[in-house]
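Please keep the sequence and the model in view while reading.

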Amino acid sequence: MSAKTPRVRTLMEEFTLNNSQLAEVSRRFLNEINRGLCAQTHDNADVKCFPTYVQDLPTGEEVGKYLALDLGGTNFRVLLVTLKAHHEVDMESKIFAIPKEIMTGPGVQLFDHIAECLYTFMKEQNLVDEHLHLGFTFSFPCQQLGLTKGILVRWTKGFNCAGVENEDVVLLLKDALKRRQVDISVVAILNDTTGTLMSCAHRNKHCKIGVIIGTGCNACYLERVENVDLYDGPSDKSHVIINTEFGAFGESGMLDFVRSEYDRFVDQASMNPGRQIYEKMISGMYMGEIVRLALLKAIDKKLIFTDSGRKPQRLQIVGSFETKFVSDIESDPNGDFTNCRAILAGLGIRNATDDDCSDVRYICECVSKRAAHLVACGLAMLINKIDEPFVTVGVDGTVYRLHPKFKGYMFEKMRQLVKPGIEFDLMLSEDGSGRGAALVAATVAV
Ligand code: GLC
């Protein structure tokens with residue numbers, strides 16, 4: 001990885017975090033996790049560590065037919081999941097759009113839309129007359145008060161529907177289903193990280209952590225109940241899944257020593273300034289924007305596109321440099337700039353030189369590599385905390401799936417940060433949000 005222009009290298013220097021900085025991030029992170037778990041410090045902790053009420057990992061022998069809703073990632077989906085024992089699963093699903101005005105409109109409208117989509121799917125699948133159980137993957141910070149009670153603490157990832165924060169989202173969903181006369185039982189609400197952990201644990205008994213690196217970034221893990229002050233479940237269970245909501249790490253300034261001016265800008269321009277600081281340095285909702293701001297800075301300092309005369313106009317538009325572009329540019333073989341040139345052309349930059357392209361690629365690499373290293377800090381911290389000889393991490397999310405190097409960057413750094421004597425691996429989750437919702441539903445359905 002190299003930039004053609006030494007001054008571009010200098011510009012991007014602050015994105016390279018050395019191991020002592022990363023170890024310090026991990027140390028602060030662990031402290032925050034412990035503060036989230038502890039009753040006295042929970043309210044002021046950045047990382048809330050919500051107990052989920054999911055305590056039994058699947059055996060692989062679950063059976064039954066379940067509906068699932070998946071809200072909070074790139075797409076909204078309705079799924080029909082058939083668990084067939086022997087670790088086998090069949091799935092039918094349909095993606096529905098959530099228009100921008102619904103994402104930021106009244107909550108009632110959002111839940112009516114969800115009920116309508118569910119009804120459409122049930123009709124298409126001839127399920128209207130079956131009374132099925134449904135698992136609701138709702139990927140936002142919720143304080144769970146039971147398997148079917150989740151209070152939305154706050155919206156993240158560009159959603160902002162009025163009247164939902166501080167309310168029980170299961171109740172809001174049930175009310176909407178009643179209005180649409182859809183006869184199904186909502187038997188569980190879960191986070192997408194929980195779904196990912198469950199779906200990987202269905203196949204692999206070493207899986208103890210679920211992580212999403214997609215539109216947002218978050219992880220859950222299996223914790224011993226004696227470490228969870230807020231645990232109020234049955235006394236015969238030894239473990240509970242904790243939804244860490246670790247995307248919020250940094251809200252009280254603990255990441256300021258590694259944040260750049262671009263991170264601060266992205267945060268200030270977002271719908272939730274001051275919130276989700278760690279997530280904003282990593283996830284797909286923000287990565288392209290960080291690159292865009294760094295590119296603008298390089299243009300401003302006359303380090304790149306110096307031949308093109310005038311400033312590229314499209315690049316001035318917020319969101320014009322999509323996170324997908326970062327993956328595509330880094331997918332070009334070394335020295336080949338086919339994707340890079342096509343993307344730049346789409347942004348109205350037509351006469352980029354090879355050196356410009358190398359520099360654009362270098363800027364992308366610095367941003368995506370830093371993101372992968374920061375995720376590695378969080379995961380290494382959790383693996384070290386679990387402290388078992390072998391841990392599998394279930395992973396999902398568009399950034400992880402689409403970026404050609406992310407997994408490699410992340411794994412390599414985790415290796416350096418995980419304690420000697422502990423082995424780990426990363427397992428791609430097969431449709432965790434749907435499969436996981438069905439698996440949680442299966443543990444409670446009678
Ligand atoms: C955001 C949400 C969290 C979710 C993550 C990944 O961080 O707050 O609940 O798990 O995005 O989708």
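The structure is a predicted model.

**Helix H8**

Helix H8 spans residues 261-269, and its buried residues are Tyr262, Asp263, Val266 and Asp267. Viewed down the axis of H8, these buried residues fall within an arc of 135°, so they line one face of the helix. The exposed residues Gln268 and Ala269 are carried on the face of H8 turned away from its buried side. The cover over the buried residues of H8 includes helix H1 (6-11), helix H9 (277-280), H10 and helix H13 (354-386).

**Helices H12 and H13**

Helix H13 also takes part in a contact with helix H12. Two packed helices are described by the angle between their axes and the distance between the axes. For H12 (residues 338-346) and H13, the axes come within 10 Å and cross at roughly 95°. An angle from 65 to 115 degrees counts as roughly perpendicular, and H12 is therefore roughly perpendicular to H13. On the H12 side the contact involves Cys340, Arg341 and Leu344, which meet Asp354, Cys357 and Val360 in H13. By class, this contact of H12 with H13 has 4 nonpolar, no polar and 2 charged residues.

**Cysteines**

A disulfide is a covalent bond between the sulfur atoms of two cysteines. How many disulfides does the model contain? The count comes to 0, under a rule that asks for a pair of cysteine sulfur atoms within 2.5 Å.

| Cysteine | Closest cysteine sulfur | Sulfur distance |
|---|---|---|
| Cys207 | in Cys200 | 4.8 Å |
| Cys366 | in Cys364 | 9.4 Å |

The sulfur of Cys207 is too far from that of Cys200 for a bond, because the distance is 4.8 Å. The sulfur of Cys366 is likewise too far from that of Cys364, at 9.4 Å. Cys207 is buried, with a relative accessible area of 0%, and Cys366 is buried with a relative accessible area of 2%.

**Positive phi values**

Cys49 is a residue other than glycine with a positive phi, near 50°. Cys49 lies in the loop between helix H3 (39-42) and strand E1 (50-51). Its relative accessibility is 1%, so Cys49 counts as buried.

Phe305, also a residue other than glycine, has a positive phi near 55°. Phe305 is placed in the loop between helix H10 (287-300) and helix H11 (323-331). With 6% relative accessibility, Phe305 counts as buried.

Note on methods
Residues numbered from 1 in each chain as written. Predicted model: local features only at pLDDT ≥ 70, side-chain atom pairs only at ≥ 80, totals over all residues. Heavy atoms only, no water. Helix = DSSP H or I, 4+ residues; strand = E, 2+ residues; numbered from the N terminus. Buried < 20%, exposed > 50% of the residue type's maximum accessible area, 1.4 Å probe, protein only. Arc of directions from axis to C-beta. Contact = heavy atoms within 4.5 Å. Axes fitted to C-alpha atoms, helices over the stretch in contact; angles between N-to-C directions. Parallel < 35°, antiparallel > 145°, perpendicular 65-115°, else oblique. Nonpolar A, V, L, I, M, F, W, Y, C, P; charged D, E, K, R; others polar.
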